[in-house]
Amino acid sequence: MNTTVSLTHSDEWQQMLALGAKTLPSLKELFLNDPERAQRYHLSAAGLQLDYSKNLLTDEIRQALLNLATRAGLQQQIAALFRGDQVNNTEHRPALHMLLRSPRRTTVYEQEVHAVLASMERFVSEIHEGLWRGHNNTQIKAVVNIGIGGSDLGPAMVYAALTPFHTSKLQCYFVSNVDPVHLAQTLAPLDARSTLFVIASKTFTTVETMQNANAARNWVLQSGIPESALKQHFVAVSANTGKAAEFGIAAANIFPMWDWVGGRYSLWSAIGLPVALGIGMENFRALLHGAYLMDEHFRSADPGHNMPVIMALLTHWYYHCHNAHSHALLPYLQNLHLFPAFLQQLDMESLGKQVDREGKALQCDSGGIIWGSAGTNGQHSFHQLLHQGTRFIPADFICAIAGPTEHKQAHLQLLANCFAQSQALMAGKTLQSAKAEMLQQGIGEAEAAWLAPFKVCPGNRPSNTLVMQQLNPQTLGALVALYEHKVFVQSVLLNMNAFDQWGVELGKILGSGVFKALSSGSTSPDFDASTSALVAQVIAHYHSNK
């Protein structure tokens, strides 16, 4: 594969830059000149439909981007990913999260995955049928997942997204923040006897997770439950079974995961146990199947008709030719309100790098800032920036055709807002239109002329619209896998390892030193002046309150 340096100096990259420097017809003109544009720039895969016609794209640009993907060796890299090559070259391991949702059992990896799924199914059945009980034979009614990062964001997002599919047998909660308030507020209404904790940590050494796990353990013991009964209230998901056992979790209650699964790709594994408990194993398997369908599309579809590839190429085009530094995620589905936060980790942890796979400095920008919220709230806050701000911000709108049958008109209003926002970003409002509207309202000529510039929306701002028939386990699985693969394609275009995150480690290392200073009551000569002053302020507070 070409290095980033050679790719940025390739004829294909230079052709992309040259096209980016040209003045394109406006989006409105592109639609006027091509009545078939909406049909031609449309893809379907795994229950999702992508309308990418509202993008600053022509057939010439589209072909140039596909040529760049070819030069980057994209199809060979997709094959390497699915083949199990060591695509995570800094940690010397493959990225095999696709096997977590594969129905096949041909490899040792797949056999291990299905064995864990069978264990999860037995466990979920025992909880739901009341065979697994808490202390004093109390039925489990609450499941509290304690994790952070990929051990929290993915399961929490999926559980919220699939609210209509929640079982009535129990309620799931998710605790991640090291701030003790998060755990305390979660536990306040719960009864320890009917609460099950899932401690989710790949290494079982993550500071935030272990602090919360120990606090949960103390809460259970202080509730009058004997230590001998802890095994009825704690299970673990971890690759470090030894550490989990040291914590006091019975070996039979430890669900394994593997080092070839990165944290932000782990919700498909036993990390998804709280999801399976919350929606049932049948629905959890449907989630896996939806992701598998997208995997198969990504692996087999040619680049020009490949949904993750097209979306990644568009983002690459905007980042490197239109000075875009961020991307807005706008799900017009309240149950997807955690989806932007989940994608922040997936995208920004994967693409927030400064060197390529060979350790050489990137010759271009890497990833962008991912942000957004569920519509229609954003329309009354940050959409103002999208419509009239000076920054160039592409957006993805996500919606479902079918909504709650008892609220049909409200759902149609939601869809109307979704479609109208993408239309408004594209069309905008001219100075002449703004003035004419005010004149029609009876506003005087001078006042209309003065106010018109304030009402101008430049338009010509691109967006994708992703549509599904219904938000359900299968379509959600496909949606998540779509963005996983999109991020991988972006990494290939930069010759970057999407599966490590060394920058995260620095804060952890420094944090342990700062915590030691705060706990001991003495600062360190290794600290900078600012850190020393902040530490001293905290030490003074606790000293004065002794």
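**Notes on the mixed sheet and its helices**

1. H42 sits opposite D51 of β2. Pairing here needs at least two DSSP bridges between two strands; strands are DSSP E runs of at least two residues and helices are H or I runs of at least four, numbered from the N terminus. This is a predicted model, where local features need pLDDT of at least 70, side-chain atom pairs count only at pLDDT 80 or more, and totals for chains, interfaces and linings use all residues. Residues are numbered from 1 along each chain as its sequence is written, and side-chain values use heavy atoms, with hydrogens and water left out.

2. β1 pairs with β2 (residues 48–51) in the antiparallel sense, over 4 bridges. The two make a hairpin with 2 residues between them, and A46 in the turn has a positive phi of about 55°.

3. The open sheet has 6 strands, ordered β1-β2-β13-β12-β10-β11, with mixed pairing. β1 and β11 (369–372) are at the edges with a single partner strand each, so one side of each lacks a neighbour in the sheet.

4. β12 (residues 395–400) and β13 (residues 463–468) are parallel, over 6 bridges. A400 has M468 in β13 as its bridge partner.

5. As for helices, α15 (residues 339–351) lies across β10 (326–331), β11 and β12, at about 175° to β11. Angles run from 0 to 180 degrees between N-to-C directions, with axes fitted to C-alpha atoms, for helices over the stretch in contact (heavy atoms within 4.5 Å).
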